[in-house]
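Subject: Structure handover and what turned up in it

Hi,

Here is the structure I promised to pass on to you. Please open it alongside this email, and the notes on what was found will follow just below.

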Amino acid sequence: MTAGDVNEVTTGECSDLHYVDTGMYGTAEYGAVYVLDAEEVALVDTGIGTHHDRILDALDELDIAPEAVEHLVVTHVHLDHAGGAGFLADACENATVWVHERGARHLADPSRLWEGTKAAVGDQIEWYTEPEPVPEGRIETLADGDTIDLGDRELQAAHAPGHAPHQHVFHDPANDAVFTADAAGIYVPSLDVVRETTPPPQFDLEQALADVETIRSFEPSTLLYPHFGPAETDDRLTEYEARLESWVATVADKRDELPDDETVVEHFAETTEMHEVWGERKARGETAMNVRGVLRYLDSRDD
């Protein structure tokens, strides 16, 4: 896929479900927004905000008017998932914006989230755009176990705080699928592998592993990754558990070997093999951010 492409999800038992490549970070097959053409149309995640027009173009391609969208479902408020919420709420005037109760204030007033994102992503911020606020009256909060009624189907929220305390995954029973947020890692379709996502400041290994078990408990046939695309479940959850544990251990070992944390970050940024997939700048930036998240986790464990 390339930026703006819209594909139907044909994996497993899925129907009436499409995803658009938003071209996030100027990278193909990295950021996806899902369009669930239920009786009440829902978008799951809203992208980074920078290219929200591609999502509106996707709706047009699917012959769905923006005013027909009734639900904008934000898996968590990191800006690669929630940055487009304000823009899309403005365009989709009848949509309710659903978010974890701890994330609602950041959608209504994204100023602190914007400053925190700049600190977390470094020079990757050039790919972002400052988010627009969502009117408070348009926001509905969710807690673990809540459901979103889409008329002919529902989405079931399950709290998954290992990546961020305001993260939900969403079970779609009608499609026997789970929208994974960042709780099942980053799926790289060109390599057919799952990579880690461990950004600061709130990554927690033990809770992240528990989140994988939460997804497994639904026994889905399909995993719907925002990074990137649908995949049959198979052994991917087990693969991600192993990847997380190995990644954290590798960073910890390198910290013991090298003189300071910045040297640790630079080591992994220089040696990542993902530049062949995501390009050198994105691969370095992604890797550096994930290393910093692990280092912060290790510090919190020692406190």
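(A salt bridge here is a side-chain nitrogen of Lys or Arg within 4 Å of a carboxyl oxygen of Asp or Glu.) Both residues sit in helix H10, four residues apart, which is about one turn of the helix. (Helices are DSSP runs of H or I with at least four residues, strands are runs of E with at least two, and both are numbered from the N terminus.) Glu286 counts as buried at 3% relative accessibility, and Lys282 is buried as well, with a relative accessible area of 2%. (Buried means under 20% relative accessible area, exposed over 50%, and partly exposed in between, using a 1.4 Å probe and protein chains only.)

A word on the basis of all this. The model is predicted, so local features need a pLDDT of at least 70 and side-chain atom pairs count only at pLDDT 80 or more, while totals for chains, interfaces and linings use all residues. Residues are numbered from 1 along each chain as its sequence is written, and side-chain values use heavy atoms, with hydrogens and water left out.

The overall picture

The protein chain has 10 helices and 15 strands. For its 303 residues, a compact globule would have a radius of gyration near 19 Å, and the chain agrees with that at 18 Å. (The radius is taken over C-alpha atoms, and the globule rule is 2.2 Å times the number of residues to the power 0.38.) The C-alpha trace spans about 55 × 40 × 35 Å along its principal axes. Buried residues make up 56% of the chain. Of the contacts with a separation of 6 or more, 67% are between residues 24 or more positions apart. (Contact means heavy atoms within 4.5 Å.)

More salt bridges

A search of the whole structure finds 17 salt bridges. In one of them, Glu273 pairs with Arg195, with the closest N and O atoms 2.7 Å apart. Glu273 lies in the loop between H8 and helix H9 (275-278) and Arg195 in strand S13 (residues 193-195), so this pair ties together parts that are 78 residues apart in sequence. Glu273 counts as partly exposed at 44% relative accessibility, whereas Arg195 counts as buried at 8%. These two also belong to a network of salt bridges that links Arg195, Glu196, Arg243 and Glu273.

Another salt bridge joins Arg292 to Glu262, with the closest N and O atoms 3.3 Å apart. Arg292 is in helix H10 and Glu262 in helix H8, so the pair ties together parts that are 30 residues apart in sequence. Arg292 counts as partly exposed at 34% relative accessibility, and Glu262 counts as partly exposed at 48%.

The largest pocket holds about 690 Å³ of space. (On a 1 Å grid over the protein atoms alone, a pocket is an open set of points where a 1.4 Å probe fits, with protein on both sides within 12 Å along at least five of seven lines; lining residues have an atom within 4 Å of a point. Points are joined across faces, edges and corners, and a volume is the space filled by probe spheres set on them.) Of its 32 lining residues, His78, Leu113, Pro200, Pro201 and Gln202 are the closest to the centre. Helix H5 (111-121) gives the most to this lining, with seven residues. By class, the lining has 14 nonpolar, nine polar and nine charged residues. (Ala, Val, Leu, Ile, Met, Phe, Trp, Tyr, Cys and Pro count as nonpolar, Asp, Glu, Lys and Arg as charged, and the others, Gly among them, as polar.)

The second largest pocket has a volume of about 250 Å³. Among its 16 lining residues, the closest to the centre are Asp123, Arg284, Gly285, Ala288 and Arg292. H10 supplies the largest share of this lining, six residues.

One more residue

Asp45 is in the loop between strand S4 (41-44) and helix H1 (52-61), and counts as buried at 3% relative accessibility. Leaving aside residues up to four places away in sequence, Asp45 touches Val33, Val73, Val74, Thr75, His76, His81 and Pro226.

Best wishes
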